[in-house]
Each structure stands twice: as C-alpha cells, then as structure tokens.
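Hi,

Here is the structure I promised to pass on. Have a look at it first, and then read my notes below.

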Amino acid sequence: MTDGAATTKLAEIILNRIRTGGDITFASFMESALYEPDLGYYTSAGRKVGAEGDFYTSMNVHSAFGRLIAQEICRFWEQLDSPASFTIAEAGAGGGQLAQDILDAISEDNPAFYSGLTYRLIEKEPSLQQAQAARLSRHADRLAWSSPDELAAGTLSFTGCIISNELFDAMPVHIVELTEAGLREVYVSANEDGFVERLLPPSTPELEQYLRKYEVRLLPGQRAEINLAASGWIAQAAATLTRGFVLTIDYGYLAGELYTPQRRNGTLLCYYKHSTNENPYQLVGEQDITTHINFSQLIVDGEEAGLKKAWYGEQYRFLLSAGLMEELIRLEAQAKDEQESLKHRLALKKLMLPEGGMGDTFKVLIQSKGVDNPQLLCMRKWGMGL
C-alpha cells in the first residue's frame with residue numbers, strides 16, 4: 001500500500017486527529033474514510049453506483065437480478081409454511097433499487113405473499129430514506145425503516161429474511177502482517193507529507209484468535225485483512241430472526257482460498273469513477289475502500305449463532321437455478337426490437353460470466369434458522385424442478 005498526502009477536507013481532519021491523539025488502526029482510518037458524518041464516502045452526497053458513480057453492483061446491471069432474488073424469497077416464504085406476516089429486511093439498502101425490483105416482482109407474481117409482506121430498509125445514511133420512499137411510492141404500505149443500530153441492539157424480531165448485497169465488503173477491516181517479530185497490525189500515522197503506515201503489536205487479541213479460528217496461516221511478509229465486525233453482524237441477524245433465512249451476496253472466498261500466498265498483499269481495493277487503485281490514503285472520503293470477504297467466517301459464526309448453511313456458491317449458479325434463462329426468454333418476448341433484446345442479453349451476460357463479468361467473483365450464501373432441510377430454488381439442477 002502506498003502512503004498518501006492529504007487532498008481532501010476529511011483527510012485533514014483525520015491527520016489532525018492522529019497528530020493530536022496518536023496513531024490509529026487501519027480499521028479506524030477506514031471507518032472514518034467511509035462513514036465520517038457528512039464527509040465519509042457513504043455518508044456524503046453524490047452518486048456512488050452506476051454509470052455516474054464509481055462502481056457497478058449487480059442490481060444496477062439489470063432488474064432481472066432483483067427479480068430472481070424475489071423468486072428465491074418467495075420460496076423462503078413457502079418453506080416457512082406461507083406465514084401471514086413476513087418481513088424482508090435489506091441491510092445496506094442504498095437508493096432502494098434492489099427493493100424496487102424485489103417488490104415489483106413479488107407484487108406481480110405472488111399477490112398472496114405480497115399482501116402480508118413488510119419490506120424493512122436498513123441503511124446507515126438517514127438522508128436516503130426520502131429517496132427510498134419516493135422510488136418505492138407504489139409500495140408505500142409495505143415499507144418500514146430501521147437504522148443499523150436498531151438491528152445491532154436486538155430491538156427487531158420477525159419471521160422472514162435478512163438480505164444484503166455488497167454489505168460486508170464495505171465494513172472497516174484491520175490489516176495484519178506477519179513479520180520476523182511475529183504478527184503485527186497496520187497503524188496509520190502522520191508526518192509532514194501526510195499519512196504513513198506503521199507496523200505495531202496488534203490492537204486486540206481478537207486478531208490472532210481470528211487467524212486460529214479460521215485456520216489462516218500467513219507467510220512471512222504476507223498481509224491480510226480481518227473484518228471483526230462481520231462476526232457481530234451475523235450474530236445479530238441470527239438473533240433478529242424468529243424463523244427464516246439470511247441471504248448474503250458479496251465478493252469473497254472461503255478462508256482457505258482468501259488467504260493464499262498468491263494474495264500476499266491482501267485484497268484491498270479502492271474505486272473512483274470506475275477505476276481501481278490500491279492507495280486508500282488518496283481522495284479520502286471521495287473513493288470507495290473495499291475488501292473481499294471471508295465466507296468461512298459467516299458460515300462458522302452463523303452456525304454458532306443458530307444459522308445453518310443452506311447453500312453457498314457462485315452468483316451465476318444461483319441466478320441460473322433461480323430461473324435466469326426463463327427470465328431472459330420473458331424479456332426477449334417483451335422486447336420491442338432487436339436492439340432492446342440485445343441490451344437484455346448483454347446485461348444478463350455480465351451478471352453471469354466469470355471473465356469480465358460478475359458470475360463467479362460474487363458468491364451467494366443462504367443460511368436458515370428454524371427450517372428443517374429447506375428446499376430452495378438455488379439447489380435445483382438448471383432447468384429442472386426440485
């Protein structure tokens with residue numbers, strides 16, 4: 001990782017904080033860079049995703065992504081014996097695009113389910129509620145809002161599902177490096193030119209405990225990101241569900257693949273206007289900082305909290321089994337001309353293909369609570385029934 005000079009108001013604030021109070025962990029730096037009130041990347045005004053933003057997510061590529069998730073959520077409802085009341089809680093709901101696609105699909109395809117549905121949007125940035133309400137106005141009587149603090153405090157309880165799309169990759173991470181002197185943590189310091197990194201003893205014994213728990217063996221000189229917050233989040237999700245499912249979509253790997261020597265510098269990347277770099281100390285507050293996630297952590301910690309792994313696999317497998325080819329046939333039948341048909345095909349190709357697409361970079365994890373042997377769409381052989 002490269003050191004960087006201050007170029008933004010937020011960078012100056014963090015530098016002054018360090019000069020006054022001392023070095024901070026990289027996790028603290030990342031927390032400020034992304035979530036500092038009014039100045040952090042996710043807490044400031046401006047488009048983050050789509051053509052006018054800094055990156056794409058699957059939901060921005062085509063509405064079919066949300067429609068196919070809706071098909072699996074309908075199966076969740078059926079597997080819970082079609083309860084009269086069912087909550088979909090979306091963590092990190094953003095501008096409400098995914099919520100719109102899911103609600104549109106359920107309202108059209110499954111009115112009985114829709115009539116007892118509550119869609120709860122959970123978002124750290126409170127100013128987004130107005131935009132979400134406007135986008136979702138036709139579903140106004142189905143909507144509710146909560147803050148992440150409410151989820152963390154355990155004040156929510158329901159039967160249904162908790163879903164997230166690229167939530168964990170934006171959680172602040174600690175960075176560790178194995179040195180000749182043992183495990184060290186990356187701290188962020190400051191000199192006259194700006195930010196500098198220092199390797200110091202770990203800030204908490206939880207970092208070494210994490211490496212032992214998920215059987216991570218680093219080589220000398222190898223760096224790794226550790227997301228301690230993810231463990232708490234999955235435990236909170238489990239406690240919130242009376243019965244139901246947790247559906248996580250994100251990019252990452254199981255621990256054995258995530259922490260291989262081939263990734264000796266870790267997976268941290270920054271996004272700014274659809275270009276990537278590995279320097280989190282530039283454009284502080286104006287670029288996204290992200291890392292691949294450890295799905296083993298969610299699976300193992302979920303089990304400890306009462307969530308059973310129902311299914312884990314690549315996004316393209318999930319989408320195909322949920323009915324992507326049928327969705328493409330439907331879209332092409334409705335297309336007004338060949339140009340529109342081609343647009344649909346190219347977008348769905350991007351969602352599926354491994355090379356240059358999102359098909360295997362993104363993984364899907366479904367965990368269940370209070371459901372014996374759930375039979376889900378993603379478990380189907382493509383084109384086959386259960």
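A term to start with: a salt bridge here is a side-chain nitrogen of Lys or Arg within 4 Å of a carboxyl oxygen of Asp or Glu. Please also keep in mind that this is a predicted model.

With that term in hand, take Glu-197 and Arg-223. Their side chains meet in a salt bridge, at 2.9 Å from N to O. Glu-197 sits in strand S8 (residues 194–200) and Arg-223 in strand S9, so this pair ties together parts that are 26 residues apart in sequence. Arg-223 counts as buried, at 13% relative accessibility.

How many salt bridges does the structure hold? There are 12. I'll pick out two others for you.

One of them joins the side chains of Arg-17 and Glu-36, with 2.8 Å from N to O. Arg-17 belongs to helix H1 (residues 9–21), while Glu-36 is in the loop between helix H2 (26–35) and helix H3 (58–61), so the two tie together parts that are 19 residues apart in sequence.

Glu-108 counts as partly exposed, at 48% relative accessibility. Arg-67 is buried, with a relative accessible area of 11%. There is a bit of a network here too: salt bridges that share partners join Arg-67, Glu-108 and Asp-109.

Next, a helix pair. Two packed helices are described by the angle between their axes and the distance between the axes. For helix H10 (residues 229–240) and helix H12 (residues 295–305), the angle is about 40° and the axes are 9 Å apart. Angles under 35 degrees would count as roughly parallel, and 65 to 115 as roughly perpendicular, so H10 is oblique to H12. The crossing of H10 past H12 is right-handed.

Which residues of H10 and H12 meet? From H10 come Ala-230, Ser-231, Ile-234, Ala-235 and Ala-238, and from H12 come Gln-297, Leu-298, Asp-301, Gly-302 and Ala-305. Sorted by class, this contact of H10 with H12 has six nonpolar residues, three polar ones and one charged one.

Glu-166 has a phi near 60°, a positive value in a residue other than glycine. You'll find Glu-166 in the loop between strand S5 (158–165) and strand S6 (174–179). Glu-215 also has a positive phi, of about 55°, although it is not a glycine. Its place is the loop between helix H9 (206–213) and strand S9 (223–226).

Are these two glutamates buried or exposed? Glu-166 counts as buried, because its relative accessibility is 16% and the cut-off for buried is under 20%. Glu-215 counts as exposed, because its relative accessibility is 60% and exposed means over 50%.

That's what I have for now. Enjoy looking around!

Key:
Residues numbered from 1 in each chain as written. Predicted model: local features only at pLDDT ≥ 70, side-chain atom pairs only at ≥ 80, totals over all residues. Heavy atoms only, no water. Axes fitted to C-alpha atoms, helices over the stretch in contact; angles between N-to-C directions. Helix = DSSP H or I, 4+ residues; strand = E, 2+ residues; numbered from the N terminus. Parallel < 35°, antiparallel > 145°, perpendicular 65-115°, else oblique. Left-handed = near helix turned anticlockwise from the far one by under 90°. Contact = heavy atoms within 4.5 Å. Nonpolar A, V, L, I, M, F, W, Y, C, P; charged D, E, K, R; others polar. Buried < 20%, exposed > 50% of the residue type's maximum accessible area, 1.4 Å probe, protein only.
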